[in-house]
Amino acid sequence: MPGVLLALCLTASQNAPKPELSYYRDMFIVRNAGKVIRQPVKNEIDTEPLSIAFRRNEHWAVWDDRGLTVRANKLVRSSRLEEISVSPRIFTKDEIRATIAAKRDRQARFLTGAKRLGTKTYFVPRWVDDAGKSWLECLVEVDLTATNPKPKLLGRLPGNSPASLGIDSMLFTIDGKLAVPIQKPTEWGIASWNLGANAWDFKKLGTRLVSLTAAGNAIEQSDSGTFTASRLNLTTGARQLLFESRRPIRFLDDQSPAFILEKGPSPRIINAETATVGTLRQSTFARRVGDFIVGYEGEKEPTAATLYRVEDWSPLASWKKD
């Protein structure tokens with residue numbers, strides 16, 4: 001009888017319809033067991049909002065393509081905070097002269113993050129050079145209870161954040177304090193704003209930070225050159241090492257279980273919870289689609305893709321652009 005049951009199970013498994021994979025209008029589509037899963041190609045970890053806004057009654061503080069806009073009733077002011085880039089509050093006279101001589105872009109065109117604490121809103125605008133590298137990030141406050149609310153410069157970040165998006169989410173609250181992950185010349189950690197001292201406190205967490213998500217998924221580079229993937233508790237600094245490689249690596253997203261993509265020839269994908277490793281066949285990029293992983297070629301416009309089972313990384317279906 002057990003042998004008969006096993007045979008029946010195997011037969012049912014063999015006869016079960018296999019998942020189907022297709023691509024349409026910037027989405028991977030998986031059809032499996034009567035269900036349809038649609039997932040945009042662009043990874044959630046790389047997406048960004050078009051704006052971020054805070055409101056109290058008729059007072060608004062908004063960051064969008066105009067920069068920082070403050071509205072009080074019918075009075076509206078938009079600014080890219082050019083005056084901060086040469087402010088004597090945070091720069092010496094020589095530094096200001098160097099900025100002017102170098103013709104650095106004095107407009108804040110990006111946002112590292114924004115938060116609201118009570119009736120006050122906080123923004124971390126970001127200034128970048130021609131190479132796209134950040135050269136200035138500052139904490140700015142807007143008090144929505146003020147009769148005529150205006151941006152107020154609090155302080156310059158004591159390092160560079162890992163923010164890379166136009167509107168990013170690298171401003172956190174930790175133990176009630178505003179906090180930003182920053183990279184200094186020889187160390188990285190969390191800078192938290194001390195309201196009482198009107199200055200930044202710093203807690204070292206490592207040597208070199210490559211990337212960090214709001215959920216605490218961190219990619220770091222060690223002194224020996226290896227790359228590590230860890231899950232960090234941003235409050236306590238405790239870390240859980242998930243994977244280490246000599247090749248560059250990245251998290252696919254902030255979901256669980258964590259999947260890590262190892263780049264290079266014959267890219268590999270790692271299930272961080274089960275430690276199972278799979279090789280992506282003729283694929284450079286990967287995306288979570290429901291309970292599956294899709295490996296594909298063509299970062300913005302896929303040309304071919306393979307659907308994988310995450311338990312053993314066996315290929316289940318494929319798609320190719322006509």
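The legends below describe an overall view and several close-up views of a predicted model. Residues are numbered from 1 along each chain as its sequence is written, and side-chain values use heavy atoms, with hydrogens and water left out. Local features need pLDDT of at least 70 and side-chain atom pairs count only at pLDDT 80 or more, while totals for chains, interfaces and linings use all residues.

**Figure 1. The protein chain holds two helices and 27 strands.** Helices (H or I, at least four residues) and strands (E, at least two) are DSSP runs, numbered from the N terminus. The C-alpha trace spans about 85 × 50 × 40 Å along its principal axes. Of the 322 residues in the chain, 43% are buried; buried means under 20% relative accessible area, exposed over 50%, and partly exposed in between (1.4 Å probe, protein chains only). Among contacts (heavy atoms within 4.5 Å) between residues at least 6 apart in sequence, 38% join residues at least 24 apart.

**Figure 2. Residues 2-13 have pLDDT under 50.** The term pLDDT stands for the predictor's confidence in each residue, from 0 to 100. Over the protein chain its mean is 90, and 93% of the residues reach 70 or more. For residues 2-13 the model has zero contacts beyond four places in sequence. Where pLDDT is low, the predicted coordinates should not be read in detail.

**Figure 3. Three strands form an open sheet in the order β1-β2-β3.** The pairing in this sheet is antiparallel; two strands pair if DSSP finds at least two bridges between them. The edges are held by β1 (20-24) and β3 (35-40), each with a single partner strand, so one side of each has no neighbour in the sheet. On average, neighbouring strands are turned by 20° against each other, direction ignored. (Axes are lines fitted to C-alpha atoms, for helices over the stretch in contact, and angles run from 0 to 180 degrees between N-to-C directions.) Strand β2 (residues 27-32) is joined to β3 by six bridges. Within β3, Q39 is the bridge partner of F28.

**Figure 4. R55 and E58 form a salt bridge.** A salt bridge is a side-chain nitrogen of Lys or Arg within 4 Å of a carboxyl oxygen of Asp or Glu, and the whole structure has 10 of them. In this pair the closest N and O atoms are 3.7 Å apart. R55 counts as partly exposed because its relative accessibility is 45%, and E58, at 41%, is also partly exposed.

**Figure 5. D253 and R288 form a salt bridge.** Their closest N and O atoms lie 2.8 Å apart. D253 is in the loop between β20 (249-251) and β21 (259-262), and R288 is in strand β24 (residues 285-289), so the pair ties together parts that are 35 residues apart in sequence. D253 and R288 are both buried.

**Figure 6. T274 lies in the loop between β22 (268-271) and β23 (277-279).** T274 is partly exposed, with 48% relative accessibility. A polar contact of 2.9 Å joins its side chain to that of T276. (A polar contact is a pair of N or O atoms within 3.5 Å; within protein, one must be able to donate a hydrogen and the other to accept it, and residues adjacent in sequence count only if both atoms are side-chain atoms.) P257 is 17 residues from T274 in sequence, and 8.8 Å separates them in space, C-alpha to C-alpha.
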